[in-house]
Amino acid sequence: MRNASLYPALAMQSVRNNRKFYLPYILALLGDVAALYIMTALVKDPGTENLTPGRPNGYMYVKTFMDIGMFIAFLFSAIFVFYINGFLMKQRKKELGLYNILGMGKSHIALVLAVETVYIGVLGIGGGIAVGLLLHKLVTLVIHQMLGMPVPLGFYISWDGMAQTALLFALLLGAALLVNLNRVRVANPIELLRSGNVGEREPRTRWLLTLLGVGTLGAGYYIAVKTKTGVEAIMWYFVAVFLVIIGTYCLFTAVSVFILKALRANKSFYYKTSHFIGVSGMLYRMKQNAVGLANICILCTMVMVMLSGTLSLYLGTEDIIRQQYPGDINVKVYYVPDPEDPEDPFDPEAMLSLQKGFVESQGVTVTKAWTNRELGFGAGLRADGTYTTDRFSDGTVGSVVSMTVLSEADYTALTGEALGLKPGEAAVYGAAGDTLTIRWTVAHEGRELGQSTFSVVKKLREDPTSSPMIAQMVTVVVPDEETVSELWELQAEAYGVSRSNMLWYAHLDVDCDEAMLETLEARYEEAVEDDSFYDGTGSWYSSRWDLRSEGAAETYGLAGGFLFLGIFLGFIFILATVLIIYYKQISEGYEDKERFEIMQKVGLSRGEVKRSIHSQILMVFFLPIAVASVHIVFDFNMVEKLLTLFSLNNTRLTALCTAGTVLVFFLAYGVVYLLTARTYYKIVERS
């Protein structure tokens with residue numbers, strides 16, 4: 001019985017004695033468990049699933065965003081647990097070696113470690129679920145507010161979510177325990193006792209790795225800067241991220257050694273007390289510093305990119321809604337300019353009159369009405385910069401382009417801007433060059449029917465069309481409707497049975513509230529069931545109504561979900577970043593303690609010690625965020641292009657959100673620096 005109680009007592013004493021290391025670890029584990037439980041509970045909550053009938057996609061948004069969040073949170077939690085576990089075991093090498101020297105076998109040490117893991121699991125997992133239960137309702141209020149949804153009533157406890165979360169983190173801690181047991185199994189007690197006295201050799205300048213880092217980082221930056229469209233951003237974003245990650249690790253592993261040796265060679269800089277200690281200390285420990293610094297840099301970059309991008313999307317929601325839904329009621333009609341019955345062509349004026357008449361017949365006043373039409377078709381970009389309707393031919397490069405053509409009159413109706421285009425001129429969005437040429441080529445035959453060439457007199461900064469697509473968009477504004485009709489006939493001849501229809505839009509602003517708009521839409525759906533409803537409007541293919549209020553709800557749901565996910569995961573990443581920095585500085589503080597004590601004994605003053613500490617921490621601490629800021633600058637172009645896929649073209653807003661996010665992050669990072677510097681100084685200061 002005495003032996004049975006010995007190991008739990010040793011484990012508890014060990015956790016208590018090492019609380020400076022274990023307490024932050026347990027708190028971080030608690031936060032990760034709480035986050036994962038909350039996400040699981042939000043997905044399983046029946047109150048979330050039974051959202052209002054008018055929001056059929058509400059549950060889909062919540063479930064999709066939480067599923068993504070759960071995967072990322074758990075994946076990152078696994079990386080975090082193993083990373084911090086490595087620091088904890090490194091600090092305890094002497095303690096474990098002493099146990100072995102005093103007569104405890106490796107099986108007994110393994111038992112102590114297992115009991116410690118149980119204690120950590122009970123505190124971290126149990127406490128995390130308890131915190132998750134308390135915060136679940138608050139998070140539910142926040143996310144539903146962001147998504148513009150009503151908050152479900154009642155308090156929900158997800159027993160399945162609790163079991164799933166506890167099991168996942170128990171397996172994670174079990175895996176970390178197995179790693180620790182293997183370290184104990186292969187370790188030599190004498191080596192464990194002397195581990196703190198084993199220094200690092202001076203790292204060599206690895207030119208190949210340095211060149212690889214510069215090359216991959218440069219390639220990633222080049223892709224980011226040269227990306228021109230949202231589709232290209234989707235295709236190349238993760239390639240650029242992968243290259244930048246490789247470059248970041250190489251930068252801190254090899255390039256940093258090169259820089260530190262260059263600083264050491266600079267006599268005027270190096271032979272100052274604070275610089276001498278900081279540079280020499282970093283240089284000799286750069287092997288173990290490099291990966292930690294790179295991890296901090298990448299985490300900082302992830303947090304700032306996520307928060308700035310999702311914040312831009314959320315704050316720009318009104319811009320997106322105005323572009324996609326110009327009117328309170330938006331009518332879309334697909335029609336063919338030359339129907340089989342040429343005696344009964346589509347009559348836009350009659351259709352507009354019909355729509356206005358129906359709305360006003362329901363007692364609702366139409367305050368403004370305007371129309372526009374578009375021609376849309378697919379095209380392939382050729383190597384010579386021209387576009388071809390034979391979009392999948394060998395001569396095309398890149399992805400298929402969605403090309404939209406509209407007249408200047410329609411462009412002015414949408415934007416209020418007059419262009420003054422002359423015959424043969426065009427204003428273009430999404431295409432490069434001073435001219436735009438379309439080759440009308442029959443698909444799969446290679447037979448060219450002709451070409452249409454326009455002189456580009458204006459490059460449009462924003463896409464004026466209201467139909468966003470997950471494709472590269474090229475919009476061409478031509479002088480008049482006759483030109484649009486000519487281009488339709490040419491594409492119809494080139495595509496044959498696969499030709500595109502023309503699109504006609506009517507936008508109506510009305511004087512009524514949202515409830516009346518929904519009633520109006522329901523009455524309209526009833527009215528169109530009568531085959532005679534559209535009599536007199538001519539021949540057309542299909543028609544549909546879109547309410548701005550419904551579109552706004554969907555758009556806010558999408559943007560709010562992204563923002564919530566960005567904040568939620570950003571908080572987890574920030575917590576991890578802070579803890580990695582904390583453990584890094586604590587670990588190095590204990591390693592430096594003896595060195596600084598010797599220096600103080602030979603005459604180094606407390607003030608000089610403090611200055612050298614701050615110099616070293618400043619170099620280590622702010623290097624990752626400085627590099628992360630450079631990453632953000634180069635990444636801005638790709639983020640901006642990705643946001644265009646959501647119809648957000650507000651560069652100024654995106655820039656302000658990015659600058660604000662970086663500034664706030666720098667301030668928070670500075671607070672962590674002050675706390676870390678104080679803790680590090682207390683460790684190394686001679687009493």
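## Cavities, cores and cysteines

Helix H20 supplies four residues to the lining of the second largest cavity, the largest share. The model is predicted, so local features require pLDDT of at least 70 and side-chain atom pairs pLDDT 80 or more, while totals for chains, interfaces and linings use all residues. Residues are numbered from 1 along each chain as its sequence is written, and side-chain values use heavy atoms, with hydrogens and water left out.

**Cavities**

- A cavity is a set of points, on a 1 Å grid over the protein atoms alone, where a 1.4 Å probe fits but cannot get out; lining residues have an atom within 4 Å of a point.
- The count is three cavities of 30 Å³ or more, a volume being the space filled by probe spheres set on grid points joined across faces, edges and corners.
- The largest cavity has a volume of about 150 Å³. Its lining comprises 14 residues, of which Tyr22, Asn85, Thr117, Ile120 and Asn180 are the closest to the centre.
- At least two lining residues of the largest cavity come from each of helices H2 (19–44), H4 (58–91), H6 (106–147) and H7 (159–186); helices are DSSP runs (H or I, at least four residues), numbered from the N terminus.
- Nine nonpolar, three polar and two charged residues form the lining of the largest cavity. Ala, Val, Leu, Ile, Met, Phe, Trp, Tyr, Cys and Pro count as nonpolar, Asp, Glu, Lys and Arg as charged, and the others, Gly among them, as polar.
- The second largest cavity, with a volume of about 40 Å³, has Met304, Ile632 and Asp635 among its lining residues.

**Nonpolar cores**

- A nonpolar core is a set of buried Ala, Val, Leu, Ile, Met, Phe, Trp, Tyr and Cys residues joined through side-chain atoms within 4.5 Å; buried means under 20% relative accessible area, with a 1.4 Å probe and protein chains only.
- The largest core holds 86 residues, and those touching the most other members include Tyr25, Phe80 and Tyr583. H2 gives the most to this core, with 15 residues.
- Leaving out residues up to four places away in sequence, Tyr583 has contacts with Phe21, Tyr22, Pro24, Tyr25, Ile84, Phe87 and Leu88 (heavy atoms within 4.5 Å).

**Cysteines**

- The model has zero disulfides, a disulfide being a pair of cysteine sulfur atoms within 2.5 Å.
- The sulfur of Cys297 is too far for a bond, because the closest cysteine sulfur, in Cys300, is 6.9 Å away.
- Cys297 is buried at a relative accessible area of 0%, and Cys657 is buried at 6%.

Methods:
Buried means under 20% relative accessible area, exposed over 50%, partly exposed in between (1.4 Å probe, protein chains only). On a 1 Å grid over the protein atoms alone, a cavity is a set of points where a 1.4 Å probe fits but cannot get out, and a pocket is an open set with protein on both sides within 12 Å along at least five of seven lines; lining residues have an atom within 4 Å of a point.
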